[in-house]
Amino acid sequence: MEKKRHPSAIVVLILGLVMAGLHLADLLLWSEADTGFAAAGSVWLRYIPWLAALVLPYLPARRAAAQPAGLQDTCRPLGVGMAVSGALLLAVGVDAGGAVRVALHYPELFASSGTPVWAVWADMLLPIFAGAWLLFYARRAFGGFGMQRQKLGSSLLAGVVPLFFLWKLVWRFQFAPASVDRLPCALRVLSAAAALLLAVVLIKIFLVPGLPCGHTLFAAGTGAYLLCAGLELPQTLFEAAHGMLTLTDLLTGLAIGAFGLCGLVCAWEACGEETE
């Protein structure tokens, strides 16, 4: 039987680096640094590659390994990415604790601004629980998991990871500017969507080991790598260098960027050998 030809992991890696470089060049040369508005060129042409990065990876995904051999027991690179992302999310939750204390002592401040108090609690608790889950299963990625070790994951807290990214997606969409010409705010909605898609598939690796989800893992991992590491990470670093971010926004952007690198690992392994 002819061996199935898998997608190229090197192409995915290079594509992400190229798109990150082009986006950084766009921010430096052809956009207004303080507002994010495009200073030259078509705005819609800027959206096309990022929308394609979210959708097009599903086309070659059918050629990926259905059960990647590199994700059946241990995967240290994935563990590193999950640990970094999880630690940053924990820091996001701890930093948001200050707003919770203000909400407890001065609830009228949030009532006047239109921000519900429960949203302040969500900003603190969701990243803490999501970060804790990523850190715990990062240890599993180092030490081994799956059927052969009889280490199946618990679904009790797994849902909090996609729930956190869903919360960021809704939050960013809610506060996206009316003008599509202001690219950074609008594009962050896409990176949150890509992280959400990867989170849904990633938890299956630990909760349902052996499930043939390599096709969607390649697609979601590639999209998250391109949009989270190739878009969100350089944009976060650029805005941080210009003093445009709060500490919470900086840590969130770095956490999503690190999660995008987890997507690269997943896509890379899905381009590798199939489990016998």
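A salt bridge, as the term is used here, is a side-chain nitrogen of Lys or Arg within 4 Å of a carboxyl oxygen of Asp or Glu. What I am showing is a predicted model, in which local features need pLDDT of at least 70 and side-chain atom pairs count only at pLDDT 80 or more, while totals for chains, interfaces and linings use all residues. Residues are numbered from 1 along each chain as its sequence is written, and side-chain values use heavy atoms, with hydrogens and water left out.

First, the overall layout. The protein has 9 helices and 0 strands. Helices here are DSSP runs of H or I with at least four residues, strands are runs of E with at least two, and the numbering starts from the N terminus. Along the sequence the pattern therefore reads α-α-α-α-α-α-α-α-α. There are 276 residues in the protein, and 48% of them count as buried. Buried means under 20% relative accessible area, exposed means over 50%, and partly exposed is in between, with a 1.4 Å probe and protein chains only.

Now the salt bridges. How many does the structure hold? The structure holds 4 salt bridges. One of them is between the side chains of R46 and D26, at 2.8 Å from N to O. R46 sits in helix α2 (residues 43–55) and D26 in helix α1 (residues 9–29), so this pair ties together parts that are 20 residues apart in sequence. Are these two residues buried or exposed? R46 counts as buried because its relative accessibility is 12%, and D26 counts as buried at 11%.

Another salt bridge joins R172 and E232, whose closest N and O atoms are 2.8 Å apart. This pair links distant parts of the chain, since R172 is in helix α6 (residues 160–174) and E232 is in helix α8 (residues 214–241), 60 residues apart. R172 is buried, with a relative accessible area of 12%. E232 has 1% relative accessibility, so E232 counts as buried too.

Next, E239 and R188, whose side chains meet in a salt bridge of 2.9 Å, N to O. E239 belongs to helix α8 and R188 to helix α7 (residues 183–207), so the pair ties together parts 51 residues apart in sequence. Both E239 and R188 are buried. Through salt bridges that share partners, R172, R188, E232 and E239 are joined into one network.

That brings us to how α7 and α8 pack. Their axes are 8 Å apart and the angle is about 140°. Axes are lines fitted to C-alpha atoms, for helices over the stretch in contact, and angles run from 0 to 180 degrees between N-to-C directions. Under 35 degrees counts as roughly parallel, over 145 as roughly antiparallel, 65 to 115 as roughly perpendicular, and the rest as oblique. α7 and α8 are therefore oblique to each other. Their crossing is left-handed, a word used if the near helix is turned anticlockwise from the far one by less than a right angle; clockwise would be right-handed.

Between α7 and α8 there is a loop, and G210 is found in that loop. G210 counts as partly exposed because its relative accessibility is 33%. Which residue is 143 residues from G210 in sequence and 6.7 Å away in space, C-alpha to C-alpha? That residue is Q67.

V80 lies in helix α3 and counts as partly exposed, at 44% relative accessibility. The C-alpha atoms of V80 and F142 are separated by 8.4 Å, although these residues are 62 apart along the chain.

Last, the surface. L104, V117, W121, L125, F129 and L157 make a nonpolar patch of about 490 Å². Patches are made of residues with over 30% relative accessible area and no salt bridge; like charges are joined within 9 Å, and nonpolar side chains (Val, Leu, Ile, Met, Phe, Trp, Tyr) within 5 Å. The areas come from the Shrake-Rupley method with a 1.4 Å probe, and for residues, only the protein chains shown count as cover. Which helix gives the most to this patch? Helix α5 (residues 117–143) does, with 4 residues. W121 lies in helix α5, and at 32% relative accessibility W121 counts as partly exposed.
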